[in-house]
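Work through the exercises below with the sequence and the coordinates at hand. Try each task before reading its solution.

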Amino acid sequence: MPLADPYLLPMAALLTAIGVTEIYRLGPAGNAFRQGLWVVIGVGVFAATLFWLHSDYRALERYKYVFGVTALVLLFLPRLPVIGEPINGARLWIHIGSLQFQPGELGKIALIVFLAAYLRERREVLAQGRLKDWGPLLVIWGAAMLLLFVTNDLGSALLYYGIFLAMLYVATARISFVAAALGLFLVGSFAVAQGTPHVRERVTNWLSPWSTHPILCPQNGQMMLRQNCQSYQEVQSLYSLGHGGFGGTGLGHGIFTGTTGKQVIPDLNTDFIYSALAQELGLVGAAALLLLYMAFVLRGFRIALAATDGFSKLLAAGLSFGFAFQTFVIVGGITRVIPLTGITLPFVSYGGSSVVANFLLVAGLMLISHRANRLEAGA
Amino acid sequence: MNKQLLHVSVAALVLLAALIVSTTYWQTWAVGDLADRQDNSIQLITRLTVDRGKILAGGRVLAANVRHRKHGLTIFTRRYPSGSLAPQVIGYATEAGTSTGLEQSLDDYLTGANTNLTNTFKEELRRLGNQTVHGANVILTLRPAVQALALQQLAGRCGAVVALDAKTGAVLAMASSPTYNANLIEQPKGYAKVLKIKGSCGDSSALVNNATAGLYPPGSTFKMVTAAAALDSGAYTPSSVFNDPGYCIEYGQHVSNAGNPDQNGPEAFGNVTLAQGFEHSINSVFCNVGKHIGGEEILKYAKRFGFYSLPPLDTPPSASQASGLYKNGKLWTPKDNFAIDSGRLAFGQFNMLATPLQMALVAATIADRGVQPKPYLVQKIVAADGSTVAKTTPQMLGQVIKPQTAAELNQMMQLVVQAGTGTTAQIPGVPVAGKTGTAELGLGSIYDAWFVCFAPANNPRFVVAVVVEKQPNGFGASVSAPIARAILEKLLGR
């Protein structure tokens, strides 16, 4: 791939390195080793994808419904009784032996491929707004949304919806679609919030994480302040940011365990790894990390702009926006820009499926850029 | 499609830029607010990693640390080697982050957060280097031996002893009884045990510092304030003559002297001077003084002595109470003379409540020729490297009464001990000036027994105030004056 974008892989490697370093620091040591192993697998998958699709990745376009169905199956897996396991009220993991896997991460890539292919094919008709052309798309999207609400995985629901909207806009240039879909989402999530205590709680925790009077804590049935029960994780994570301050405590000097040995912030190395990094590296480090994400996204969109065909443009845009929006959902949740929903920070969070999925994402972007640059050089 | 791609890419970058803004908010602007939150576990753990400064007095360690290694953290917890000596003054600092007493008010010094610039810089470097931060040590003015004697003399009865250096205002003893062992607080069920300690009076809390927050009717010790008002305003001289028929007429009713158990000998004294009225603590004399000069005038002088405001002490404001008239449990300022029973106020009854520290300050003012010294508990604050962070210079709070008035009151108080109600406080070879008080509680023959004094009267060095609560047939002269004498003797080295 001599003509592929030269910046993507080093940036991905740097983010991965930051992640593995912090996972090693947070311990136990086995975690960093496992993450390292997953990085090796991720790079393997990355190399295999490049090799397999190096002649023309656009062949994928023909199998769009395979990708659509694959996305659904991957999302559906955690609901299965034997291998599915609910964690923190959300069913997003599957268990095969001692191996844990979050299939939703890979489902994301499959969904982007499907949407890119489908929207490329139908974009003119879609822009006209004829109802029958919307059918298959709405079905797949609707099913995905429904499944996500059933599995309680709000973070992914938000992410998929964001990706869908961005790609729909790129394909149709109809801002009214985006506005209508946004409105639909707000109404839909309001309805869901009424019906699902899990969702309502997230919104309350976002608006007022600190309560002045004790309220009923559903976990233990006692009257407690919200910050000691429902919003404990959010609030302690903000304290972690505050403790880091401008310069941070320095790597290895952050405070994450209490005197009883209990971790102050649960899920620190997955959803909340940003809080750990922001405490130890301070605002300086956190801002640098975010700038790195921005640079990555910028390169992604340059690839989309340089691509010559609709499928490539849509695919690159979907992958880049998905990457950016996933970062926004988790970091925005931690910093109280939006309600907190658990999702991994790309390349940095602990978790095999996340690492593999993100290396696939890089592979996709590199394939697209290689083809675009080759065409340009050839022309 | 490229136009839309540009739009979407800008949207994506704006979202990520918003994250930099929000992170900046939490890591700069909101840092102080977050650190102040009660439920901030990180802050709590950080506090425990500081090697908190020791609290020392007279070479004895009153508060020290135990070092633990827990889950990769070095933490320090508090230990109180003289746990029950002055827990109401020292207070406690728990692992859970609650603190009281000097542990609370001097927290910034003890954690090294508030020292001089060089030290702050040095400790900040240690913090960055992940080394233990050492707080500053606090050296108190308390004399452990005197403090121990005071507790021994109170012997589990409810009450308090305050001893001040008359010249500087340094607090040499501040004993509150009943007391408790501060090491109990963090033990399992220890706090509940402490709450159960009620003292012999049955309703005192061991956690309350009776010396600064115990409100007692001052009884006849308040005659020091009334006499000060009477003399300083020029309304009377020590030789002003009164006729004592054994009672005073208040609102058309007889207020009998007989209610005053300090008074030995005949119930009616006949013609006496103001000085003799003070010497024998004759209520009718002071009742008439009060009626003549008015309750407002007495309160005006009381305020000058520090009533109606919290004493300026190093302990937290919440550990002190203001002395003054109380109504329905609240400090009360009457609108005018008609709202005050001036006659009864003059001999320390009515709704007057005072703390032992306040009465000690009244005596200290008289001893210091009318100038009130500022009381203080902290002698010196020394950083971990031995350098002095702060040192208390004695301060005067101002001229409360004329030097002439103070001299006259000093004489009158000497008469009390020489030949009046306070003869039990006599120390051979040392002139003692004092005033007894036996406050009626409306509980029959159960009284709060007071004695407030200073010595040597000709060159005052020490002030002592003693109150013992709810003593059956316990008079100031019989219960509290001997305690005050024992404390004075110890202070004078006899």
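Predicted model: local features only at pLDDT ≥ 70, side-chain atom pairs only at ≥ 80, totals over all residues.

Residues are numbered from 1 along each chain as its sequence is written, while chains are lettered from A and ligands numbered from 1 in the order in which they are written.

**Exercise 1.** Describe chain B as a whole: its elements, its extent and its burial.

Step 1. Assign the elements: chain B has 18 helices and 20 strands. Helices (H or I, at least four residues) and strands (E, at least two) are DSSP runs, numbered from the N terminus.

Step 2. Take the principal axes of the C-alpha trace of chain B; the spans are about 110 × 55 × 40 Å.

Step 3. Count neighbours. A residue is buried if 20 or more other C-beta atoms, placed from the backbone, lie within 10 Å of its own. In chain B, 54% of the 494 residues count as buried.

Step 4. Define a contact as two residues with C-beta atoms, placed from the backbone, within 7 Å. Among contacts in chain B between residues at least 6 apart in sequence, 70% join residues at least 24 apart.

**Exercise 2.** Find which elements of chain B supply the side that touches chain A.

Step 1. By the contact rule, 37 residues of chain B meet 53 residues of chain A.

Step 2. At least two residues each come from helix H1 (2-29), helix H2 (31-36), helix H3 (41-48) and strand S3 (73-79) of chain B. H1(B) gives the most, 18 residues.

Step 3. Sort this side of chain B by class: 21 residues are nonpolar, 14 polar and two charged. Here Ala, Val, Leu, Ile, Met, Phe, Trp, Tyr, Cys and Pro count as nonpolar, Asp, Glu, Lys and Arg as charged, and the others, Gly among them, as polar.

**Exercise 3.** State how S5(B) and S6(B) are joined, and what packs against them from H8(B).

Step 1. S5(B) and S6(B) run antiparallel and are joined by six bridges; strands pair if DSSP finds at least two bridges between them. Gly159(B) stands opposite Ser177(B) in S6(B).

Step 2. Inspect the hairpin: five residues lie between the strands, and Gly169(B) takes a positive phi near 90°.

Step 3. Seven of the seven residues of S6(B) are buried, so S6(B) is largely enclosed by the rest of the structure.

Step 4. Turn to helix H8 (residues 144-154) of chain B, whose buried residues include Val146(B), Leu149(B) and Leu154(B). The buried residues of H8(B) pack against strand S5 (159-165), strand S6 (171-177), strand S20 (462-472) and helix H18 (476-492) of chain B.

Step 5. After H8(B) comes Ala155(B), with a positive phi near 45°.

**Exercise 4.** Classify the packing of H9(A) and H10(A).

Step 1. Helix H9 (residues 232-244) and helix H10 (residues 273-306) of chain A pack at an angle of about 15°, with their axes 7 Å apart. Axes are lines fitted to C-alpha atoms over the stretch in contact, and angles run from 0 to 180 degrees between N-to-C directions.

Step 2. Angles under 35 degrees count as roughly parallel, and H9(A) and H10(A) are therefore roughly parallel to each other.

Step 3. List contacts: Ser237(A) and Leu241(A) are among the residues of H9(A) that meet H10(A), where the residues include Ala276(A) and Glu280(A). By class, the contact has three nonpolar, seven polar and one charged residues.

Conventions. Parallel < 35°, antiparallel > 145°, perpendicular 65-115°, else oblique. Buried ≥ 20, exposed ≤ 12 C-beta atoms within 10 Å, placed from the backbone.
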